[in-house]
Amino acid sequence: MMRADLRPSLVQTDPRRAERTAARKPVAPRPAFHDMASRVGTLERAPVFYTFAEGALRALARRVRRVRVAVGELVVAQGEPGDTLFFIERGRCRMVVEKPASLVTVAVLTEGDFFGEGAAILGKPQQASVYAQTECYLLALDRQSLTAVMTGREDGSMHELRWFAEQRFNLFADTTVQATWGQLLQEATVVGVYSPKGGAGGTCISMNLVGSLSRRYPGEVLLLDLDFPYSHSALLAGLIPSSCLARMDQVPQESFEEVLLSAVLYDSAGPMILPGALQPEEADAVTPELVTRAIAVLRKTFRYIVVDLGVTITDATLALFDLTQHVVLVTAPELSAVKSAADAIDIFKQLGTPDDRLTVVLNHRSIKPAVTKSAVERSLKRPVDIEIEFDGTRPEQAAVDGAILSLTNPKSEMTRGVEALAAQLDRIHARPKAGKDLPALVGAVKAEQPE
Amino acid sequence: MKGPVPAFRRYQVGVRTAKMRRRLQDLASGKVTESQVTLEESGVDVAGVIDEVTRGLRADSMPVQRLVTWFWNSGAIDHLADRLESRSIPVRIAAAHTVGALHLYEAVWYLEPLLASRDRHVSDASARALGRIGGTHSATALMRGIQRRGTNRRLVAELARSAPDQFIESAISEAAKPGVRPALALAAGLRRRRTATSQLIRLVQRGSMRERVISCRALGWIGATIAIPLLIEALNDRNWKLRMSATKALGALRARESVQELRQLMIDRNPRVRRAAQQALLRIEAGRGA
């Protein structure tokens, strides 16, 4: 009846029956030569198939399905069941572990890599979500095709495949647990405030957001000013800085934490500020390594770290995007600002920032905006999350007075806007309560570990 | 029928069924490699017994593999193929049921023509078997069936069941399959997979009216909160079906931000939309309480 080459391994082929089978075999579509060569090439590169015989690889290559995934799209979702192994033929994917209040990139997968083996081979839920970082061409091999090919072979390949899948599953399970450490250890949530166009009010909003958050959590909120080359947050808050992050470059590891924390400026009303650089030429000293080191230290000390990322995207800024749990994009209702914001959203999508971790703030800098809110939303292809109405000269006056509006004037539009933003951040990044939620979270993490 | 003769026959069938179940269980557990199982045991629902033995097992599990091996070795698989092509409707249905229970991937090519059968029971049995077997070929066969016969509940449900990861998602995106898109959107919703969210959102924005209506519901089933602004926008559409579908989806999503718009729909000119809005508000209220 059915195809002789697909029979299970224990079958002793009867030549008479094989002839009969061949005569009735339906015609299956076969890929073209160059397509087949490309498929085999991709499968060969995957370490999971190193030990496979060429015949098995060809049989698998005939059965794979090519899938095109657009930039930023979700390929597999964490926690959902799955039945397909994906091999990256072209493009780049980002594997992230999603835990409430944190999102950790555990791997960036490129051509020749594969994912989905835990679900497809072991039948377990997906360990991590995978997003396409660029346009991707994937080869999808479903469980049924794999079983159909592999059960006809007695070379132990299936056993090795399972063993390999278990190894990878355990490795990622460890990484998943590590990804939740920040939450278990009650580390800070890092919020990046980015304004792709100067004059949109990014610094003002980050300053007032810190004020609003520090009213909720006095002494637990820090503003890290990376708005280079001129970091003026301390000045706007009426504080006089004596040191900055850039000067920590040569500090030895053992005294790094102490020196870094001593550079933090304390405002009597609650917020704290760490300037990135005091002189424009010092900005170059803020390297991605220094930023990573500093954030690792500061996360243990604070509840929220708000980073003013300024306008330009530097290596340090990019390093920080990887460390942020939330990005606030500030734009003004002006043509150039909206266009820049739309481009920035595309970049965030490429970086794999999920939509719920990106907040768009529309800051009105004039009484009558040139571009309406609906037009802004159309250009951005997403809704504006928070709108800050025109606040007159209050922000400028507050800067002159060295005051933070969200602490001094609860009725101002700026305060209303940042209060809404702080409430949203609190809702998304709520910490587990020590007595109630934390044991449940620890339990959940333990349950996810392999037996 | 009552009386001693039918009762005795029932008893005989019961004994034969139990005997067959025992034999199949022995084969599946590996106790024996040879057995006297025949597919035409008088009065016994062989397919039902095989289904009972393999229920809940995966295609690559050892018990299923052992049974399949026995079918290949004994030549019973050829009888199955003959029975799939039989003229008798009950025989074809039983054969489809059996290949489904055995997860016989190689049988997909034989099941596909049965989807076009004029007898609904045969096509349903074939669709069920394809759904149970799963994989790319089964899903493709079901999709072709939908293209030929139009959106059919059984076919869509089995497509949702059989489609491997990213199958529905990529099929929705393919321009070559516009006619089958509503069924695919429905299947994506039934699967409740987050991976189809962006494709469904695109259908709501740019699809035909039918695609938009179905995609709205599917987004609600998936729990795609990201689509809430789009669904709120759809509440103002001229088409009552779209308004109703978006209303139901917002209710399923417990979207508090849509309460005001839903209240406005309580005075909608269409009674079904009004009822849906009322239900959605109740669901949102219940969600708030929880």
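Visitor: Why is Arg192(B) called partly exposed?
Guide: In this predicted model, Arg192(B) has 14 C-beta neighbours inside 10 Å. A residue is buried at 20 or more and exposed at 12 or fewer; the value for Arg192(B) falls in between, so the residue counts as partly exposed.

Visitor: Where is Arg192(B) placed, and what is its phi?
Guide: Arg192(B) sits in the loop that joins helix H11 (181–191) to helix H12 (197–206) of chain B. Its phi is near 55°, a positive value in a residue other than glycine.

Visitor: What makes Arg254(B) partly exposed?
Guide: The count for Arg254(B) is 17 C-beta neighbours inside 10 Å. Because buried requires 20 or more and exposed requires 12 or fewer, Arg254(B) is classed as partly exposed. The phi of Arg254(B) is also positive, about 50°, although the residue is not a glycine. Its place is the loop between helix H15 (240–252) and helix H16 (259–264) of chain B.

Visitor: Is Ser198(B) buried or exposed, and how do you know?
Guide: Ser198(B) has 21 other C-beta atoms within 10 Å. The cut-off for a buried residue is 20 or more, so Ser198(B) is buried. This serine belongs to helix H12 of chain B. Ser198(B) and Glu169(B) are 29 residues apart in sequence, and their C-alpha atoms are 8.9 Å apart in space.

Visitor: How much of chain B is buried, and what secondary structure does chain B have?
Guide: Buried residues make up 49% of the 290 residues in chain B. The chain has 17 helices and zero strands.

Visitor: Which residues touch the most other members of the largest nonpolar core?
Guide: They are Leu111(B), Leu159(B) and Ala187(B), in a core of 137 residues. Leaving aside residues up to four places away in sequence, Ala187(B) touches Val156(B), Leu159(B), Ala160(B), Ala163(B) and Ile168(B). Apart from that core lies another, of 72 residues, which includes Val193(A), Phe228(A), Ala294(A) and Val418(A).

Visitor: How is the packing of two helices described?
Guide: Two packed helices are described by the angle between their axes and the distance between the axes. For helix H7 (residues 120–133) and helix H8 (residues 136–149) of chain B, the angle is about 150° and the axes are 8 Å apart. H7(B) passes H8(B) in a left-handed crossing.

Visitor: Which residues make the contact of H7(B) with H8(B), and how do they divide by class?
Guide: H7(B) contributes Ala127(B), Leu130(B) and Ile133(B), while H8(B) contributes Ser138(B), Ala141(B), Leu142(B) and Gly145(B). By class there are five nonpolar, two polar and no charged residues. Gly counts as polar under the classification used.

Visitor: What makes strand S11 (265–266) and strand S16 (386–388) of chain A edge strands?
Guide: The open sheet consists of eight strands in the order S11-S12-S10-S13-S9-S14-S15-S16 (chain A), with mixed pairing. S11 and S16 each have a single partner strand, so one side of each is left without a neighbour in the sheet.
Guide: Helix H16 (residues 413–428) of chain A packs on this sheet and touches S9, S14, strand S15 (358–363) and S16 of chain A. The direction of the helix makes about 160° with that of S16(A).

Visitor: How do you know that strand S9 (residues 189–194) and strand S14 (residues 326–331) of chain A pair?
Guide: Pairing requires at least two bridges. These strands share four, in the parallel sense, so S9 and S14 of chain A qualify as a pair. Within S14(A), Val327(A) is the bridge partner of Gly192(A).

Visitor: How do helix H7 (residues 202–216) of chain A and H16(A) cross?
Guide: Their axes come within 9 Å and cross at roughly 65°. The crossing is right-handed. The residues of this contact divide into seven nonpolar, three polar and two charged.

Visitor: How many residues does each chain bring to the contact between the chains?
Guide: Chain A brings 33 residues and chain B brings 30 residues. H5(A) gives the most to the side of chain A that touches chain B, with four residues. That side divides into 15 nonpolar, eight polar and 10 charged residues.

Note on methods
Residues numbered from 1 in each chain as written. Chains lettered and ligands numbered in written order. Predicted model: local features only at pLDDT ≥ 70, side-chain atom pairs only at ≥ 80, totals over all residues. Helix = DSSP H or I, 4+ residues; strand = E, 2+ residues; numbered from the N terminus. Core = buried A, V, L, I, M, F, W, Y, C linked by C-beta atoms within 7 Å. Contact = placed C-beta atoms within 7 Å. Axes fitted to C-alpha atoms, helices over the stretch in contact; angles between N-to-C directions. Left-handed = near helix turned anticlockwise from the far one by under 90°.
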